[in-house]
Amino acid sequence: QEATSFDFKRFFNSRHSIREFSEQEVEVEKVLYALDIARNYPSVCNRQAIRIYLITSKDSIARHLKYQNGNRGFGERINKLIVVTSDLNVFSRAEERNQPFIDGGIYLMGLLLALHGTGLGAVPLNWSTHSKSDRAYRKFSNISDSELIISFVGIGHLQDEMTTPKSERNSIDDIVTVIR
């Protein structure tokens with residue numbers, strides 16, 4: 001009971017995609033702590049397909065971000081970068097073809113909440129690219145062809161004041177069908 005005796009709705013709703021990071025250096029240990037929390041994500045048959053690449057130097061981050069199309073205007077402020085992948089080798093049947101994305105999405109949300117819980121800001125960056133760019137990035141980064149790239153995650157310390165994206169959410173009535 002003690003583990004659930006806090007206002008989860010408030011915590012969950014206080015997480016935003018952050019694009020305005022402070023200049024403060026992010027401690028690698030703090031990111032590793034969040035990664036350690038996130039590894040408790042649920043996965044199909046407990047296969048734990050997620051693999052993580054943590055990029056720590058500003059120069060290396062800039063080189064990796066050149067392959068991702070959604071960080072213009074704020075990418076240079078990202079202090080640490082994570083690449084989340086899902087290892088296809090742990091899946092064996094055609095029926096599981098979507099599972100790397102499902103497990104990857106579940107992990108990604110857990111990671112974002114873990115980073116938020118440590119007081120760090122984070123922004124998930126999509127990997128919506130064509131096969132030529134995917135191959136070029138894999139060659140650059142040495143990420144195996146057996147790993148499906150799920151997302152990049154930019155990390156930084158929060159500023160005292162910042163703007164965050166605000167998107168109206170569909171109402172519960174618009175998204176829920178109750179079947180009795």
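**View 1. Leu 35, a buried residue of helix α2**. Leu 35 counts as buried because its relative accessibility is 13% (buried: under 20% relative accessible area, 1.4 Å probe, protein chains only). This is a predicted model: local features need pLDDT of at least 70, side-chain atom pairs count only at pLDDT 80 or more, and totals for chains, interfaces and linings use all residues. Residues are numbered from 1 along each chain as its sequence is written, and side-chain values use heavy atoms, without hydrogens or water. Leu 35 lies in α2 (helices are DSSP runs of H or I, at least four residues; strands are E runs, at least two; both are numbered from the N terminus). Beyond neighbours within four places in sequence, Leu 35 is in contact with Ile 52, Ile 82, Tyr 107 and Leu 111 (contact: heavy atoms within 4.5 Å).

**View 2. The largest nonpolar core**. The core has 21 residues (a nonpolar core: buried Ala, Val, Leu, Ile, Met, Phe, Trp, Tyr and Cys joined through side-chain atoms within 4.5 Å). Ile 82, Val 84, Tyr 107, Leu 111, Leu 115, Val 153 and Ile 155 touch the most other members. Elements supplying at least two residues each are α2 (28-38), β2 (80-87), α4 (99-117), β3 (120-126) and β4 (147-157). The most come from α4, with 6 residues.

**View 3. A second, separate core**.

**View 4. Contacts of Ile 82**. Leaving aside neighbours within four places in sequence, the partners of Ile 82 include Val 31, Leu 35, Tyr 53, Leu 111, Phe 152 and Ile 155.

Methods
Buried < 20%, exposed > 50% of the residue type's maximum accessible area, 1.4 Å probe, protein only.
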